[in-house]
Amino acid sequence: MSENNSNTLRIAVVGAGPAGVYSSDIFLRELKKKGESLGLPTNARIDLFEKLPVPFGLVRYGVAPDHPAIKFIADALEKTLDNPDIHLYCDVEFGKDVTLDDLLPRYDAVLFATGAVADRPLTIPGADLDGVHGAARFVEWYDGYPTGARTWPLDAEKVAVIGGGNVAMDVSRELMRNADDLKARTDIPDNVYDGIKTNKARELHLFIRRGVAQAKFSVQELRELEKLPGVQIIINEDDFDLDDATVEQAGKDKLTRQMVEELYAIRDMAEDMEDDGGVDFEGNPAPKKYYMHFNSAPTEVLGKDGKVVGLHVEHTETGADGVMRHTGEFTDYPVEAVYHAIGYKPASVPGVAYDEQRDVLANEEGRILTAETGKSTVRPRLYATGWAKRGPVGLIGSTKSDALLIVGNMLDDLSKAEDVDGAGKGCIAADRDPESIDRLLASRGVKPIDFAGWKKVDTYERAEGAKEGRDHKKVIDPAQLRALALG
């Protein structure tokens, strides 16, 4: 066995979003730190497979383009990928270009970081009407997802958004955005700029089923809401009349306390906007109105001739325990479009059991199971992290914590495994040739895009952005991405 193959762990990671990249970095770090004490090699080669032509997943394609932190997160991920022990294989789809049967003979462990790209379904009457949109598809459009829509219907003057988390806040903000302001601050492509420029929305209603203290907004999201040009924020003061028990419960969690404090700041801002005659945060006339409705649970999308004409909403009550109670009091809001941001559903993976109850890959602390329920057992050498493991909740900090837990389990399991042909403890895969996967892909006509290919795309996007005084201008056509990366 050649020196570069001997005493080196081989790990496959499926998904090059934040979860996959962070896990790769943490695995290498933890192996250096703990490998010797566990009797393992201290070196590893990680092959990172991504179905899209470019890396970064959620950071590039799942978060609104006007997030100020996105650039810094993307830069950090890129620095991680610029590591000779991490090999990027973009434009390689698991289940199509490579399978589990291909990976297990070549890798000591396989880690799934496949994320979530589909909406949880809206299950109220009228959800199938023309004008009802899932947030995931809208996000794909404004983020330029390679296989997403290239146009979007933005002819509704009154729109509703259902949801109490950050995706709902993103969608609402983009629907109220000024196209020129968005273009100046972000990497949006021309088709998104042209679409938002024609957006007719002048009134937006955000419906949150529970109360102020039970929403799931981040403070950063709320601060971005506070600075929308030409938008007046309108609230119901009664929503902020919290009882002592609710205030006490909210204060027990730092993030919840900070969110509630920021929402009260928005309440004060909204009152000032109203007192000043309907202005935006800078005191300018506000032609757009953004209504925030807490304790408001939509129960039916109202339609006429197959199209959305309104939303039937029940007023709810939420106790300090977070339990929502129905009141039987309803209000109809005339709207022409409804966006639902009630959660994503993590993707299933060919050859891996799916837990339909939790909407995750069937796993126990990140170890993949043989089945969802019943007499399921752990499947050796298979793991899940990020949203594939825990569902679509939590921010970047949660993703890192997840990765640290799963990596610890992987190292513990590998330290107990027998080696193959004296390759070293934990070296389980029989095929230890690092070029074996390249030959397999080549035999199937698959042309992976590596880190150098991504850098070509990045260089082009920066150059195109510079022509317009911007940092980046996103390329969205998959054929162009491939041509740039492989050219």
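Residues are numbered from 1 along each chain as its sequence is written, and side-chain values use heavy atoms, with hydrogens and water left out. Because the model is predicted, local features need pLDDT of at least 70 and side-chain atom pairs count only at pLDDT 80 or more, while totals for chains, interfaces and linings use all residues.

The secondary structure comes to 16 helices and 20 strands; helices (H or I, at least four residues) and strands (E, at least two) are DSSP runs, numbered from the N terminus. The C-alpha atoms fill a box of roughly 75 × 55 × 40 Å along the principal axes. Of the 487 residues, 54% are buried, where buried means under 20% relative accessible area, exposed over 50%, and partly exposed in between (1.4 Å probe, protein chains only). Contact means heavy atoms within 4.5 Å. Among contacts with a separation of 6 or more, 73% are between residues 24 or more positions apart.

Six strands form an open sheet in the order 6-14-7-8-10-9, with parallel pairing; two strands pair if DSSP finds at least two bridges between them. Strand 6 (132-134) and strand 9 (231-235) are the edge strands, each pairing on one side only. The twist averages 20 degrees from one strand to the next; axes are lines fitted to C-alpha atoms, for helices over the stretch in contact, and angles run from 0 to 180 degrees between N-to-C directions. Within this sheet, strand 8 (residues 203-207) and strand 10 (residues 288-293) run parallel and are joined by five bridges. Leu 204 stands opposite Tyr 290 in strand 10. Helix 11 (residues 254-275) packs on the sheet and touches strand 9 and strand 10, its direction making about 115 degrees with that of strand 9. Helix 5 (residues 135-143) lies across strand 6 and strand 14 (337-340), at about 70 degrees to strand 6.

An open sheet of three strands has the order 11-12-13 and antiparallel pairing. Its edge strands are strand 11 (296-304) and strand 13 (324-333), each of which pairs on one side only. Neighbouring strands of this sheet are turned by 25 degrees against each other on average, direction ignored. Eight bridges join strand 11 to strand 12 in the antiparallel sense, and Pro 298 stands opposite Val 313 in strand 12. The hairpin of strand 11 and strand 12 has two residues between the strands, and Asp 305 takes a positive phi near 55 degrees there. Strand 12 and strand 13 also pair in the antiparallel sense over eight bridges, with Thr 316 opposite His 326 in strand 13.

Thr 318 belongs to strand 12 (residues 307-318). With a relative accessible area of 17%, Thr 318 is classed as buried. Leaving aside residues up to four places away in sequence, Thr 318 touches Arg 209, Arg 210, Gly 211, Gln 214, Asn 295, Val 323, Met 324 and Arg 325. The side chain of Thr 318 makes a polar contact with the side chain of Asn 295 at 2.7 Å, and reaches the backbone nitrogen of Gly 211 at 3.4 Å. A polar contact is a pair of N or O atoms within 3.5 Å; within protein, one must be able to donate a hydrogen and the other to accept it, and residues adjacent in sequence count only if both atoms are side-chain atoms.

Asn 295 lies in the loop between strand 10 and strand 11. Asn 295 is buried, with a relative accessible area of 12%, and has a positive phi of about 50 degrees although it is not a glycine. Most residues other than glycine have a negative phi. Arg 381, found in strand 20 (residues 378-384), is not a glycine but has a positive phi of about 75 degrees.

With a disulfide defined as a pair of cysteine sulfur atoms within 2.5 Å, the count comes to zero. Cys 90 is buried, with a relative accessible area of 0%. Cys 427 is likewise buried, at 0%.
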